[in-house]
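Hi everyone, thanks for coming. Let me put the sequence and the model up, and then we'll walk through the fold together.

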Amino acid sequence: MSSTKILPDQKTEVVPRTSHGGDGDHERFSHYADRNKVTESYITGAPVRAICGKVWVPSRDPKKYPVCPECKEIYSGLPKGESGDDK
């Protein structure tokens, strides 16, 4: 069985955010997702997709949980953005 990984746009900032729900190990980790979509989710309650594929509605402090190993691996393999290029 193969899986597809979702990678963020190179200019997209990602921040760890914690998941909630009932899908096992994903509940023990904070996940990387697009910062703007996470902020929008806090306002609208719309679900967000992490780079590991986890879909959740952010609601917890991500600093209280370790980063998802799959998100961390995917993120570390992404090309580094140019410094000072926030646009």
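When I say helix or strand, I mean DSSP runs numbered from the N terminus: helices are H or I with at least four residues, strands are E with at least two. By that count, the protein has two helices and four strands, and from the N terminus on their order is β-β-α-β-β-α.

A word on where this comes from. This is a predicted model, in which local features need pLDDT of at least 70 and side-chain atom pairs count only at pLDDT 80 or more, while totals for chains, interfaces and linings use all residues. Residues are numbered from 1 along each chain as its sequence is written, and side-chain values use heavy atoms, with hydrogens and water left out.

Now, the inside. Buried means under 20% relative accessible area, exposed over 50%, and partly exposed in between, with a 1.4 Å probe and protein chains only. Of the 87 residues, 31% count as buried.

Which residues make up the largest nonpolar core? A nonpolar core here is a set of buried Ala, Val, Leu, Ile, Met, Phe, Trp, Tyr and Cys residues joined through side-chain atoms within 4.5 Å. The largest one has twelve residues, including Phe29, Trp56 and Ile74.

I expect you'll ask about the cysteines. How many disulfides are there? With a disulfide defined as a pair of cysteine sulfur atoms within 2.5 Å, the count is zero. For Cys68, the nearest cysteine sulfur belongs to Cys71, 3.9 Å away. For Cys71, the nearest is that of Cys52, at 3.6 Å. Cys68 counts as buried because its relative accessibility is 3%, and Cys71 is buried as well, at 0%.

Last stop, helix α1, residues 35-44. At its start, a side-chain oxygen of Asp34 comes to within 2.8 Å of the backbone nitrogen of Asn36. Beyond residues up to four places away in sequence, Ser41 touches Ala46, Val48, Val57 and Pro58. After α1 comes Gly45, with a positive phi near 80°.

Key. A polar contact is a pair of N or O atoms within 3.5 Å; within protein, one must be able to donate a hydrogen and the other to accept it, and residues adjacent in sequence count only if both atoms are side-chain atoms. Contact means heavy atoms within 4.5 Å.
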